[in-house]
Amino acid sequence: MNIDAINLRTLRFFVSVCHHQNFSETARLENVSPSMISRTIQQLEESLGVSLLYRNTRSIMPTEAGLQLLSSAQKIIEELSWLKQTLHSQEAIQGLIRLNAPISFTQQHILPHLAELQTRYPQLDIELTQKDEYVDPLKHPTDLLFRIGMLADSSLKARILATVKMGLFASPDYVNQHGMPQTLDDLADHKSVVYKGHLGVEPWLVQLPNGQWLRQQIPAALAVNNGDSMLMGAIQGLGLALLPDWLSHHAVSQGLLTPVLADYPWTVRVEPTYVSAIYPNSRQAPPSVRTVIDFFVEKYGSPPYWQEGRQQLVK
């Protein structure tokens with residue numbers, strides 16, 4: 001076996017032949033003769049001491065050894081391509097990047113930063129789609145998703161930007177009219193603003209001192225399917241609202257909402273919920289994707305700016 005005789009061009013020829021299942025198409029794409037492609041593959045087989053292709057008059061298919069080499073060759077080509085892009089990273093931060101994010105999160109924590117992102121990388125074009133429902137980037141062309149929820153799909157890679165913390169809130173006007181609940185039992189005399197999605201009304205869970213999670217059911221004055229609408233309903237005094245920190249922090253800091261029963265942990269699910277940047281599970285994220293993720297990590301901070309002062313506000 002003469003490994004030294006194998007080079008990147010040879011591997012690129014081999015991968016192309018496997019994909020197109022003939023020598024002629026690879027030769028056309030590489031602007032060389034079919035005989036040269038055939039000779040190069042034959043030399044590769046001789047160097048490795050194995051047969052890599054089944055050849056017949058109709059098509060060319062990889063053997064078992066050929067399939068193993070194909071997998072490794074694709075990774076090698078991808079790694080070298082990534083290395084080339086990294087070494088020219090400033091030049092590589094250009095072209096189109098397709099983002100997808102929930103509507104309310106986009107309004108509060110993505111759009112306010114896009115002008116600075118494009119000032120830093122003027123050759124970067126952004127296509128932003130806002131959608132609360134989950135979008136599979138493997139089925140719908142998307143380079144980077146911002147998602148709020150649990151992490152599960154192993155076919156995707158994720159970078160956690162923050163852990164979501166929930167809180168129960170009411171407007172000052174609501175408290176003036178209906179009073180401030182002092183105990184969990186007091187909630188029975190109040191109204192709520194709730195989120196209702198395709199799975200129904202989102203539950204309210206509160207953790208008792210013994211560690212048990214208890215579901216709280218409060219009559220709903222308003223049910224909505226959008227975070228901004230839920231926030232506005234609470235600000236307008238329609239009822240109590242269970243809100244994530246990234247959605248409530250501006251209203252709380254401006255005095256439009258006040259914490260309710262803040263000594264209790266609140267949530268809508270007991271499993272940890274994250275704000276995450278998600279992208280397809282390739283070996284390396286493209287430089288533009290990594291750059292955008294790093295930018296938002298910088299802008300959000302650790303802990304994220306929407307959790308600054310949280311302990312003082314809710315305790």
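Phe-105, Phe-146, Trp-246, Phe-295, Phe-296, Tyr-300, Tyr-305 and Trp-306 together make up one aromatic cluster. The model is a predicted one, in which local features need pLDDT of at least 70 and side-chain atom pairs count only at pLDDT 80 or more, while totals for chains, interfaces and linings use all residues. Residues are numbered from 1 along each chain as its sequence is written, and side-chain values use heavy atoms, with hydrogens and water left out.

Two rings of Phe, Tyr or Trp (for Trp, the six-membered ring) are taken as a pair if their centres lie within 6.5 Å, and the pair is stacked when the planes are under 30 degrees apart, edge-to-face when they are over 60, and tilted for the rest. By this rule there are 10 aromatic pairs. One of them joins Phe-295 and Phe-296, whose rings are 5.2 Å apart centre to centre with 85 degrees between the planes, an edge-to-face arrangement. The pair of Tyr-300 and Trp-306 is also edge-to-face, because the ring centres are 5.1 Å apart and the planes stand at 65 degrees.

How accessible are these residues? Buried means under 20% relative accessible area, exposed over 50%, and partly exposed in between, using a 1.4 Å probe and protein chains only. Phe-295 is buried, with a relative accessible area of 2%, and Phe-296 is buried at 0%. Both Tyr-300 and Trp-306 are buried as well.

Elsewhere, Thr-40 lies in helix H3, which covers residues 34-48; helices here are DSSP runs of H or I with at least four residues, numbered from the N terminus. Thr-40 has a relative accessibility of 12% and therefore counts as buried. Leaving aside residues up to four places away in sequence, Thr-40 touches Thr-10 and Phe-13, where contact means heavy atoms within 4.5 Å.

Terms used. Helices (H or I, at least four residues) and strands (E, at least two) are DSSP runs, numbered from the N terminus.
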